[in-house]
Amino acid sequence: MSAPNALFSETILLLGGAVVAAPIFKKLGLGTVLGYLAAGIVIGPVFHGITDGEQILNVAELGVVFLLFIIGLELKPSRLWQMRRDIFGLGTAQVVVTGLALTALAWFSEVFDWRGSIVAGFGLALSSTAFAMQILEGDGDVNTRYGQRSFSMLLFQDLAIVPLLALITILDGGRGSNAPLLGFAVAIGAVAAMILMGRYLLTPLFQVIARTGAREAMIAAALFVVMGSASLMQLAGLSMAMGAFLSGVMLAESSYRHELEADIEPFRGVLLAIFFIAVGLSLELDVLLDNVLFVIVTVPIVMAVKAVIIYGLCRISGSPHDDAIRIAFLLPQGGEFGFVLFTTAGTSGLMSTSTASLLVAIVTLSMALTPIGAALSKRLLRGDTHEELDEDFEGAGADVLMVGFSRFGQIAAQILLAGGRSVTVIDFSADRIRQASSFGFRIYFGDGARKDVLRSAGIDRAKIVLVCTQNKEITDKVVELVQADYPHTRLYVRSYDRIHSIELRNKGVDYELRETLESGLLFGRRTLEALGVSEVDAYEIGEDIRKRDEARLVLQVSEGLQAGRDMLFSHPVRPEPLIKPKRASDAFEDDPLAGTADATADA
């Protein structure tokens with residue numbers, strides 16, 4: 001079989017495994033992650049359909065990179081600063097205490113020497129960002145207090161990979177005594193460079209691309225930024241995921257945040273699924289079978305030690321019992337970076353390659369058990385099983401989601417903001433976003449006719465969606481999309497003209513309004529007042545016209561556009577001067593345009 005055909009067939013196997021396993025395991029209540037792992041084990045170690053699992057794992061790691069980028073988009077720098085105690089306090093304590101405890105266990109097992117015990121202990125102290133965040137995301141718990149504390153520890157673990165790799169160099173008797181210090185300096189410099197580029201280059205880049213209106217260029221730019229920042233961090237000795245996370249944080253306050261999240265999401269989902277399958281592919285069944293007793297004893301001990309330490313640290317740092325239990329059962333597994341540490345240690349001679357492979361197998365098996373443990377943890381909870389953060393991430397959870405920041409929407413937004421309501425606004429015009437920002441408005445770049453953009457902008461938590469777009473076709477697309485996928489969300493829509501109002505009412509929107517109706521009524525009232533009609537009489541006349549217009553619309557919805565023609569005024573009401581109309585005019589002359597789109601489009 002030629003190489004291209006082999007690549008094609010392997011891709012089919014991977015995608016087919018995901019398609020089959022995910023729904024089955026989801027239906028069984030075991031979660032999609034465990035399904036992907038099982039699919040990988042069946043495809044690779046069992047039937048040997050794919051033998052180069054490690055190579056696929058290296059590519060699929062981009063799924064973890066994209067995941068961290070999206071998480072970064074959800075965290076403003078100010079919010080990240082608020083989490084510093086958990087990141088550097090709780091995170092440091094978890095790595096150090098867990099690492100020392102597992103180092104002691106490894107030493108007493110007499111499988112490792114003292115140097116190998118240190119590498120094994122601190123390598124197993126790291127947890128899997130991909131597994132933990134996927135479970136949190138699947139349960140909708142990313143923005144809970146326990147979800148944020150879990151992420152803080154995972155984030156510090158990603159940072160800890162630099163000193164741990166330096167530790168291997170020291171234990172190996174590295175000849176350059178300044179190498180660890182130099183590596184640390186390079187890492188700090190790379191982070192500083194990322195922050196500067198994110199602050200001064202990324203947003204202008206997306207502004208230029210957005211003005212072109214080329215959506216594929218926006219997607220390409222998003223992928224370029226994520227993969228470029230990941231590569232930069234990797235060259236500096238940090239993890240690729242850390243680079244993607246930093247670029248996401250730098251864009252968290254950008255108007256293009258929701259559009260970027262929607263563009264990256266499909267790639268993240270597919271690659272993350274392949275990553276979990278690749279972990280299953282990489283499982284060395286021969287190593288497990290040859291050391292089955294050691295593995296059966298070691299895996300639960302390691303997971304139990306980590307869970308107990310994490311629970312204790314969380315309780316000491318102020319977490320309630322339920323949150324501490326959730327975190328302890330979420331992070332007891334080994335992590336992806338353990339693969340890197342153990343492989344590096346095996347190459348450098350700190351442990352044999354067979355021992356490194358055994359540790360990799362232990363990490364993989366602990367990953368496979370994590371979804372089961374997370375599900376079982378619910379039995380140990382005492383109270384509420386879902387506690388939301390008070391923090392609202394840049395309006396993404398606002399009660400009101402406004403699509404389109406037209407002149408109509410700008411006025412409506414003023415009313416809502418004056419009423420103390422938070423509003424998430426998305427618009428697809430880069431120029432309008434820039435103009436609005438100059439007046440202090442905060443709106444996001446995104447196409448409201450795309451489900452993924454609406455979801456990223458928080459439609460799942462919105463009580464009302466305001467559709468204030470200027471284009472009739474776009475308005476209809478948004479309305480149809482929301483009604484199809486979010487039927488319980490109320491829809492308030494700005495209509496294009498009278499015919500559009502009738503169409504929207506036939507679609508069952510909760511409220512519609514023509515932009516010209518209120519302004520036309522006010523304009524007519526003010527003209528009457530200028531002609532000598534009292535303000536009270538002019539107001540009553542305007543209210544009568546408003547009622548007639550509504551009555552006509554009701555008839556037109558059920559009977560057609562020509563219904564209600566007798567409610568129109570085609571001649572002045574007698575006697576003059578004008579007074580509040582008592583009834584409809586008895587006599588109308590036939591008007592060839594009366595009731596048609598030309599005559600009534602903006603009436």
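Which strands does helix α22 lie across?

Modeller: Helix α22 (residues 472-485) lies across β1 (400-403), β4 (464-467) and β5. The helix runs at about 170° to β5. Axes here are lines fitted to C-alpha atoms, for helices over the stretch in contact, and angles run from 0 to 180 degrees between N-to-C directions. Contact means heavy atoms within 4.5 Å. Helices (H or I, at least four residues) and strands (E, at least two) are DSSP runs, numbered from the N terminus.

Some ground rules come next. This is a predicted model, where local features need pLDDT of at least 70 and side-chain atom pairs count only at pLDDT 80 or more, while totals for chains, interfaces and linings use all residues. Residues are numbered from 1 along each chain as its sequence is written, and side-chain values use heavy atoms, with hydrogens and water left out.

Now the sheet itself. It is open and has 6 strands, in the order β3-β2-β1-β4-β5-β6. The pairing is parallel. Two strands pair if DSSP finds at least two bridges between them. The edges are β3 (444-445) and β6, and each of these pairs on one side only. Strand β2 (residues 423-427) is joined to β3 by 2 bridges. There, isoleucine 426 faces tyrosine 444 of β3.

Go back to β5 and find arginine 494, which lies in that strand. Arginine 494 counts as buried because its relative accessibility is 8%. Buried means under 20% relative accessible area, exposed over 50%, and partly exposed in between (1.4 Å probe, protein chains only). A polar atom of the arginine 494 side chain lies 2.9 Å from the backbone oxygen of threonine 469. A polar contact is a pair of N or O atoms within 3.5 Å; within protein, one must be able to donate a hydrogen and the other to accept it, and residues adjacent in sequence count only if both atoms are side-chain atoms. Not counting residues up to four places away in sequence, arginine 494 touches several others, including Val467, Cys468, Thr475, His500 and Leu513. Cysteine 468 is buried too, at a relative accessible area of 3%.

His500 leads on to helix α23 (residues 498-507), where it is one of the buried residues. Aspartate 497 caps the N-terminal end of α23. One of its side-chain oxygens lies 3.2 Å from the backbone nitrogen of isoleucine 499. After α23 comes glycine 508, with a positive phi near 85°.

Last, look at the rings. The structure holds 2 aromatic pairs. Rings of Phe, Tyr and Trp (its six-membered ring) pair if their centres lie within 6.5 Å; planes under 30 degrees apart count as stacked, over 60 as edge-to-face and the rest as tilted. Phenylalanine 88 and phenylalanine 156 form an edge-to-face pair, 6.4 Å centre to centre and 85° between the planes. The rings of tyrosine 492 and tyrosine 511 have centres 5.3 Å apart and planes at 40°, so this pair is tilted. The tyrosine pair brings us back to the sheet: tyrosine 492 sits in strand β5 (residues 490-495), and tyrosine 511 in strand β6 (residues 511-514), 19 residues apart. Tyrosine 492 is partly exposed, with a relative accessible area of 31%. Tyrosine 511 also counts as partly exposed, because its relative accessibility is 41%.
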